[in-house]
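Here are my notes on the model. Please read them with the structure open.

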Amino acid sequence: RLLDDPEIGLNIVDLGMVRSVSHDEQGNVRVEITPTSANCPMHDQIVEGARLIVESVPGVTSAEIVVSFDPPWTPDLITPAGRDFLENGR
């Protein structure tokens, strides 16, 4: 299951917001995301939504969602599927 950016309607993976995902043998997961803007009004909703989705994965015992703006998000990070969605609504 993927989390959609509430304003854009595209999932945060295809939008290029997910920078890294790591985990340990105990099921602790760390996800680093970069919002599309430092002033993103949906920042808290995206972080909480990501945490809930990651914690719903079988075997995950905890999820830490880390927000980083270094390096900043750019449209170059959008996946080809994301570009198709944004250009054609699919």
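How many residues lie between E1 and E2 in the hairpin, and which residue in the turn has a positive phi?

1. The hairpin. E1 and E2 are separated by 4 residues, and Gly27 in the turn has a positive phi of about 90°. Strand E1 covers residues 18–23 and strand E2 residues 28–33; they run antiparallel and are joined by 5 bridges. Ser20 is opposite Glu32 of E2. Pairing of two strands requires at least two bridges found by DSSP. Helices (H or I, at least four residues) and strands (E, at least two) are DSSP runs, numbered from the N terminus.

2. Basis. This is a predicted model, with residues numbered from 1 along each chain as its sequence is written. Local features need pLDDT of at least 70, side-chain atom pairs count only at pLDDT 80 or more, totals for chains, interfaces and linings use all residues, and side-chain values use heavy atoms, with hydrogens and water left out.

3. The largest pocket. Its volume is about 280 Å³. The lining has 14 residues; Arg1, Leu2, Val13, Ile53 and Val54 lie nearest the centre. E1 and helix H1 (43–55) are the elements that give two or more residues to this lining. H1 supplies the largest share, 3 residues. By class, the lining has 12 nonpolar, 1 polar and 1 charged residues. (Nonpolar: Ala, Val, Leu, Ile, Met, Phe, Trp, Tyr, Cys and Pro; charged: Asp, Glu, Lys and Arg; polar: the others, Gly among them.) A pocket here is an open set of points on a 1 Å grid over the protein atoms alone, where a 1.4 Å probe fits, with protein on both sides within 12 Å along at least five of seven lines; lining residues have an atom within 4 Å of a point. Points are joined across faces, edges and corners, and the volume is the space filled by probe spheres set on them.

4. Asn11. This residue sits in the segment before E1. Asn11 is buried, because its relative accessible area is 10% (buried is under 20%, exposed over 50%, partly exposed in between; 1.4 Å probe, protein chains only). Its side chain reaches the backbone nitrogen of Val13 at 3.0 Å. Leaving aside residues up to four places away in sequence, Asn11 touches Leu2, Leu3, Asp4 and Asp5 (heavy atoms within 4.5 Å).

5. Helix H2. Asn88 belongs to H2, residues 80–88. Asn88 counts as partly exposed, because its relative accessibility is 42%. Ala81 is also in H2.

Conventions. Polar contact = N/O pair within 3.5 Å; in protein donor to acceptor, adjacent residues only side chain to side chain.
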